[in-house]
Amino acid sequence: MTVRLHMKNKAFYSLFLGATIIVGSIGASHLLSSSTTKEAEDISHQEKFQRDYNIYSLTIPEKVSLAGEEVPLQMVDVREKLDRELLVNTYWQSNMLLYIKRSKKWFPVIEPILKEEGVPEDFKYLALIESGLTPVVSPAGAEGFWQIMEETGKELGLEINSEVDERYHVEKATRAACKYLKDAHEKYNNWTLAAASYNMGKTGLDRQLDRQQVENYYDLLLNEETARYIFRLLSAKLILAQPEAYGFKFRSKDLWHQIETKTLTVDTAIDNLATFAKDHEINYKVLKNLNPWLRRNHLTNSRGKTYEIKVPTQEAIHLVTRQN
């Protein structure tokens, strides 16, 4: 009895061992097959990535100018700096595409003023690189599209107080920037240096010109911000002039546009701008978006000054409110 059971156990063990070997072989085969398949998939994925995703170096144009002044591209560091900014702005696609969209909305406002003031059209790109064509505030306190400091703004004739800040009035701020640039051009007899002074100030620029004993922007060793400044402007000019050449594709309807407005002349106080807006069939948000230079919810106007306030035309109201 004991012997028979032992023999049975032995037979069962042999059968179990055989089955285990078979199952183990199948499992190992499956694991090997799975590993091979995964490796093949990874290789295929990598091949597709390498085939479909490409980042190209950019070709630097043979000639580039700023406000009619030729950029000395034969200088190694000048080419490298322009190359850097072209790469940064081309491959920061979302940011540049926003620049393209906003420029369609705001350049038609800025360009005629530059022309009237006798400032080269290229300076519209200065506003672009200063603020991205948005009413931002810098850490140093410069504000608006043209990033003007409060003291400088007042010197240039802008009204700046707790209720009104014309640095946010695009047309008036553009004229103020033009005044600065024309004064700088008269001083340096050079638009590129005038642009550089807009970034670092005339005093700072004079100090560096005297210390380094040079007369040209491209010969100066400057802090990184000002050293990049002109090349950021140039790269914006090159890309926005031919966006498709740099890979940007869009339809006309994708671009942003101004809405049609009319101007209200006001020479009295406005106790409540929300009420004022409602009286003109819009809301406070729309009024402030169209007139960001109004900084409070009221306008004291104790001196009876005449202000021009924009509101949508009757035909455009439906574009900015929930009216049908």
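Predicted model: local features only at pLDDT ≥ 70, side-chain atom pairs only at ≥ 80, totals over all residues.

Quick one to start: are Phe 107 and Tyr 125 buried or exposed? Phe 107 is buried, and Tyr 125 is too; buried is under 20% relative accessible area, exposed over 50%, partly exposed in between, with a 1.4 Å probe and protein chains only.

Residues are numbered from 1 along each chain as its sequence is written, and side-chain values use heavy atoms, with hydrogens and water left out.

Searching the whole structure turns up nine aromatic pairs, meaning Phe, Tyr or Trp rings (for Trp the six-membered one) with centres within 6.5 Å. In one of them, the ring centres of Phe 107 and Tyr 125 sit 5.6 Å apart with planes at 90°, so we call it edge-to-face (over 60 degrees; under 30 is stacked, the rest tilted). Phe 107 belongs to helix α3, residues 93–117, and Tyr 125 to helix α4, residues 124–131; helices here are DSSP runs of H or I, at least four residues. There's also a cluster of Trp 146, Tyr 180 and Tyr 198.

Tyr 180 shows up again in the helix packing: along with Asp 183, Ala 184, Lys 187 and Tyr 188 in α6, it meets Lys 202, Leu 205, Asp 206 and Leu 209 in α8, contact being heavy atoms within 4.5 Å.

Technical notes. Helix = DSSP H or I, 4+ residues; strand = E, 2+ residues; numbered from the N terminus.
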